[in-house]
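Visitor: Could you take me through this structure? I would like to know what to look at.

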Amino acid sequence: MPQLFKVYAPRFMVWFAISAIGCVLLARTELVQLREAFETDARISHRLLSQRVVQHEAVLATLALLQPAASPGSNDSAEQRLPSVYPQILSVQRRDAGAAWLGTGLDAAEKTSRTGRVAVLANADFTLARGRYQLVLAAQPASYALLIDIHGTIPWNDWSMPVQTSPVRVTLEHAGQAFVVQAGRIKTGGWRFAFHKHLDSVSQPFEVVAIRQVGWLELPWLAMALWTFAVAAALAGWSAWQRQRSARRRAEALLRVGQVTRLNTLGELAAGMAHELNQPLTAILANTQAAKRLLQDDPGELPTALQAMDQAVAQARRAAEVLGRLRRTVEQPVPTAPGQAVDLAQAVRSALDLLEPECRRRGVVTAVHIDQPVLVLAERVALEQIVHNLITNALQALDAVPASERQLAVHIGAAKGMGVLRVLDTGPGMAPDTLPHVFEPFFTTREGGLGLGLSLCETLASGMGGQLSAQANMPRGAIFVLTLPLASRP
C-alpha cells in the first residue's frame, strides 16, 4: 500500500493541480462573460431611459416657447392632447398669471425653476415609489407642469432583457425612494455585479441601479467536469505511453544484454567444449593405443583389445553427445529439451564406468551409498556430464594427497522433494575465501585449469531446475551437492 501511494500520489497531485487551475480559469472566464453581458444590458437600459426623460424636458420647453392659447370653456387645448402622443404623460397642468396651481409643492418648484431657468421636480408631490412624479417649468405668461408615469416611460419594446425571467434587478432611485423597473433574482452567496449611473437629465437626476447576483449553480460545471475528465484521460494516456516507452527501452536493453551474454556464453561454451572433449579424446587415444599394442602381441589378447575398443567407442559417443548439447545451446531459437525421469544411480554408474581407468590408475576405490532409488527430472546427457565433472574434479584433487589417504564417496538420496547427490573427497579441500568463487567462470585453483567445468555444471543444474553447491568436508576435502527435482514414478 505505501508503494502504491508513492507511485500514484504524484500523479494525483498533478491531476488535481491541473484540473483545479483549469476549473478556476473556466469559472473566471464565465464570470467575466456574465459581467460583460450584465454591464452591456445595464448601459443599454441607462441610455434608453435617458432618451425618454429628455423628451419630457423637450415637451416642457416646447410648451413654454409656443405658449398655446387656452380655449375658454373647452378642454381641447394643445397641451391636453399631449397624453395621446406621449403615453407616459398622464396630465398637463397650466398656470396662467394670477392663477393658482392645483396641488401643493408646485409653487415652490416654479420658483426654483424660474431661478434656475430649468425644469425641476415638484418635491411635495414626488412619489417615485408609486411610479409617478411631477415636472415643473416656469415660463411667461404661463408655466407648465407634467404628471409623468415612470412605467410608461420605459421603452419596453427596445428593452434588452426579458423582464419576467432576467436575473438582473433594475431600479430608479432618488432621494431615498426607489422604483423597481425589473425585479430580477437577488440571492445570497456567489458573486454580485453592480451598476450605478445617473440619467443624462438635469431636471430628472434619477440614478439607474442594476444588480446581478451570480450563484454557484450558474458556474460552468459541465465544462469543468469535462475538463477534469479530459485531464485525467490525458494523464492516463501519458502514463501509459511512459510505461510503454519504459517497457520498450527495457526490452531493448535486455535484448542487448542478452546478445552480449549470448556471445560471452558462446565463448565460454567454446572453451568448455575444449575442456569437456579433452577427457574423452584422451581416453579414446589411450584405449586405441592400448588395443593396438594388444593386437600386435603374439598371440594377441583379442578380448582385452575388444574391451579397450568398447571404452573408446563409449568415449567417442560421449564426445558426440557433448557436441550435440553445445549445438542445441548455441542454435537459436530452439526450445529447451523437456526433462525426463532419470535414475540418479544409473547416471553415477555410467560416469564411474567411464572413469574406471582413471580411478584404477590413481588407486582410488569409489564408495557408492544409495539410501533409496531416486528418479530425478533432468536431461540425461546434462546430468551425466555434471556427475562426470564432479567425479573427475574429485580425482584430480586426490592427486595432491598420499595414495593411502585417497577416499572418494558418492551418496544418493532424497530430501524435501528433491533428489540429492553428494560427491565427497579427502583431497586438500578449498580455503573459506575460495568457496564463494568456485562456480565463477575461469576461476580455478588448479595449475593449467580453465575454470569452466564447475561453471558449466552449475549452469546446467540451474537450467534443469536444480542447484549445485560446494562446502568443506571434515576433517579435510570438499563436498559437492547436486539437488534436482524428483520425478514421479511411472
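Guide: We shall discuss confidence, the nonpolar cores and a surface patch.

Visitor: What is the mean pLDDT of the protein chain?

Guide: This is a predicted model. The mean pLDDT of the chain is 82, and 83% of its residues reach 70 or more. Over residues 332-336, however, the pLDDT is below 50. Beyond near neighbours in sequence, that stretch has two contacts in the model.

Visitor: On to the inside. Which residues touch the most other members of the largest nonpolar core?

Guide: They are Trp-159, Val-170 and Leu-172, in a core of 45 residues. Several elements give two or more residues to this core, including strand 1 (89-95), strand 5 (168-174) and strand 8 (207-214). Helix 1 supplies the largest share, with 13 residues.

Visitor: And what is Trp-159 in contact with, leaving aside its neighbours within four places in sequence?

Guide: Trp-159 is in contact with Ser-45, Leu-48, Leu-49, Ile-154, Val-170, Val-181 and Gln-182.

Visitor: Now the surface. Which residues form a nonpolar patch there?

Guide: Phe-12, Met-13 and Phe-16 form it, and together they have about 340 Å² of accessible area. Phe-12 is located in helix 1, which covers residues 2-66.

Definitions and conventions. Residues numbered from 1 in each chain as written. Predicted model: local features only at pLDDT ≥ 70, side-chain atom pairs only at ≥ 80, totals over all residues. Heavy atoms only, no water. Patch = residues over 30% accessible without salt bridge, like charges linked within 9 Å, V, L, I, M, F, W, Y side chains within 5 Å. Areas by Shrake-Rupley, 256 points an atom, 1.4 Å probe, with all protein chains shown as cover. Salt bridge = Lys/Arg side-chain N within 4 Å of Asp/Glu carboxyl O. Helix = DSSP H or I, 4+ residues; strand = E, 2+ residues; numbered from the N terminus. pLDDT = per-residue confidence, 0-100. Contact = heavy atoms within 4.5 Å. Core = buried A, V, L, I, M, F, W, Y, C linked by side-chain atoms within 4.5 Å. Buried < 20%, exposed > 50% of the residue type's maximum accessible area, 1.4 Å probe, protein only.
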